[in-house]
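Dear colleague,

I am handing over the structure below, together with notes on what was found in it. Please read the notes with the coordinates open beside them.

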Amino acid sequence: MNFPDAHSTSNTPMPTRFASQRAQVTLLIVLLIGFTLWNMPQPVSLSEQEKRQLLTLGPLPAPPLDPTNRWSGNPQAADFGRDLFFATSLSANNSVSCATCHKPDLYFTDGRAIAMGLDLGDRHTQGVLNAAYHKWFHWDGSEDSLWSQALHPFQSPSEMGLTRAQVIEKIADNPLLQTKYQDIFGPLPQANASEPQEIDAIDKAFSNVGKAIAAFERTLITEPSPFDEWLEALRMGNALPTPSFSSGAIRGAKLFVGRANCIECHNGPLLSDDQFHMIGVPLADNALPTDRGRIDGVVALHDDPFNTAGKYSDNPNGERAKITLATQSEPDQWGQFRTPSLRNVANTAPYMHQGQLSTLEQVINFYSTLEGAVSLDHHSESVLKRLDLSPLERQDLLLFLQSLSGKIANSDAIVPPQNLAP
Ligand code: HEC
Ligand code: HEC
């Protein structure tokens, strides 16, 4: 038999089997290099202005203390507030608590389009994580503090359905809640009140309940997201993508502060300006809007005896109270809703004040096409411009929005307290 001799110096051509092996190896190396290069972080160029704008979006500072709530930041009040948050006994049918709609395992939302407590509500449930950073609460800003917000669901017929006196009575009936209340705030008032000063004592105790819940909610914050971690690197001068913040996400961030101009309303570390806008997201089945939003929110705010300028506020003459007192109704407020924070947005579907959009893809499609957008006659200008995003731009924006989630910092909060019965 004749074996090919690789070392032969004769003129015979190189054996074809050997040559094809070499070609295969070369091809493999080329492919490997190609793959490595393709997989290597692709730098995305960012202008100085884009960098400056991006750096305003994170990280979140420590949650601020609320001067209108002297128990804000008090650990004992926060511990009591956690019990109150999970206590189903504080509802008309003994089965609804704050956590019914703000479920820890759903990032403190309920996954529903419209909230369901004792009955079907009329808006989509907002999240509670990082709520302590907001200045206005509810979609219409009808509440101006976290503690006054907490008093609303107890009294709402579709949520927990109690009177203020009933809340105090139910706390008095529960040995654990009663002891914890009295350790912090002193004796509970009589729940069967008729004299003005007795009613005032109940309202005062009721406001304490809200203040304890708010102290707990101030601990419900999220840890830095992949976007925050990338921002830290950017602050150090390194804008390269990371495994959790890809080139696509960077291009999405660039769009967010650039051409798409989402930053006009979703700004600051909360990615919300805490202001009210009418962006005209169509309702389910293209129904006509009936929720008047901010215009009614302002009236409710002034009527609320528990607002930050009222007698139960711990700082009724402070800056916060002045903002509330100066707020006025204006026709343009019809249909305006507070810009939601975009932190953890990938974990809190569905979206918008009616939960009418189920996915972030649908949200991006709305901003891209403004399909079905509702415009009201008395709004002199439409706020949004159609963005006509390309498929790649939509994907980039999605990657960016998906990188805004962080872990829940206070993991104790995820587990309801064990000893709450009855
Ligand atoms: C039946 C469901 C339901 C229950 C029960 C409920 N909530 Fe809510 N929560 C909602 C809905 C719906 C909204 C938005 C309300 C609106 O805009 O009118 C909301 C809004 C909030 C907000 C405002 C967040 C923001 O960004 O402005 C906070 C905070 C909150 N709830 C805390 C609580 C607390 C504390 C309790 C218990 C005392 C509670 N919720 C009980 C459904 C519920
Ligand atoms: C003019 C102000 C404004 C601009 C610009 C804007 N938004 Fe919004 N955004 C809002 C308001 C207000 C809402 C709530 C509207 C509602 O509930 O009807 C909202 C809702 C959202 C939601 C739903 C969040 C939730 O929890 O329900 C997402 C996601 C979102 N916007 C992303 C974006 C992106 C991405 C851009 C840029 C393409 C953008 N927004 C531009 C004001 C704005």
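**Notes on the model**

Thr88 lies in the loop between α3 (75–86) and α4, where helices (H or I, at least four residues) and strands (E, at least two) are DSSP runs numbered from the N terminus. This is a predicted model, in which local features need pLDDT of at least 70 and side-chain atom pairs count only at pLDDT 80 or more, while totals for chains, interfaces and linings use all residues. Residues are numbered from 1 along each chain as its sequence is written, chains are lettered from A and ligands numbered from 1 in the order in which they are written, and side-chain values use heavy atoms, with hydrogens and water left out.

With a relative accessible area of 33%, Thr88 is partly exposed (buried means under 20%, exposed over 50%, and partly exposed in between, with a 1.4 Å probe and protein chains only). Its C-alpha atom is separated by 20 Å from that of Ile114, which is 26 residues away along the chain.

**Ligand 1**

The only protein donor of the iron atom of ligand 1 is His102, through NE2 at 2.1 Å, and His102 is placed in the loop between α4 and α5. Donors here are N, O and S atoms within 2.8 Å of the metal (3.2 Å for Na, K and Ca), and because water is not among the atoms, sites may look incomplete.

Polar contacts, which are pairs of N or O atoms within 3.5 Å (within protein, one must be able to donate a hydrogen and the other to accept it, and residues adjacent in sequence count only if both atoms are side-chain atoms), also involve this ligand. An oxygen atom of ligand 1 is 2.9 Å from a polar backbone atom of His138, and a nitrogen atom of ligand 1 is 3.3 Å from an N or O atom in the side chain of Gln149. A polar side-chain atom of Glu159 lies 3.3 Å from a nitrogen atom of ligand 1.

**Ligand 2**

The iron atom of ligand 2 is coordinated by His266 through NE2 and by Tyr367 through OH, at 1.9 to 2.1 Å. His266 lies in the loop between α10 (247–257) and β1 (276–277) and Tyr367 in helix α13 (residues 360–369), so the pair ties together parts that are 101 residues apart in sequence. His266 is buried, at a relative accessible area of 10%, whereas Tyr367 is partly exposed at 22%.

Around ligand 2 there are 22 residues, the closest being Cys262, Cys265, His266, His353 and Tyr367, and α13 gives the most to this shell, with 3 residues. One oxygen contact, at 2.8 Å, is with a polar backbone atom of Met352, and an oxygen atom of ligand 2 is also 2.8 Å from an N or O atom in the side chain of His353.

**Aromatic rings**

The structure holds 16 aromatic pairs (rings of Phe, Tyr and Trp, the last by its six-membered ring, pair if their centres lie within 6.5 Å; planes under 30 degrees apart count as stacked, over 60 as edge-to-face and the rest as tilted). One of them joins Trp136 and Phe276 edge-to-face, at 6.3 Å centre to centre and 65 degrees between the planes. Trp136 is buried at 6% relative accessibility, and Phe276 is buried at 9%. Arg294 lies over the face of Trp136, at 4.5 Å from the ring centre (a charge sits over a ring if NZ of Lys or CZ of Arg is within 6 Å of the ring centre and within 35 degrees of the ring normal).

**Backbone**

Cis peptide bonds join Gly58 to Pro59, with omega near -5 degrees, and Ala349 to Pro350, with omega about -5 degrees. Leu271, although not a glycine, has a positive phi of about 55 degrees, and Leu271 is buried with a relative accessible area of 0%.

With best regards

Definitions and conventions
A residue is near a molecule or strand if one of its heavy atoms lies within 4 Å of it.
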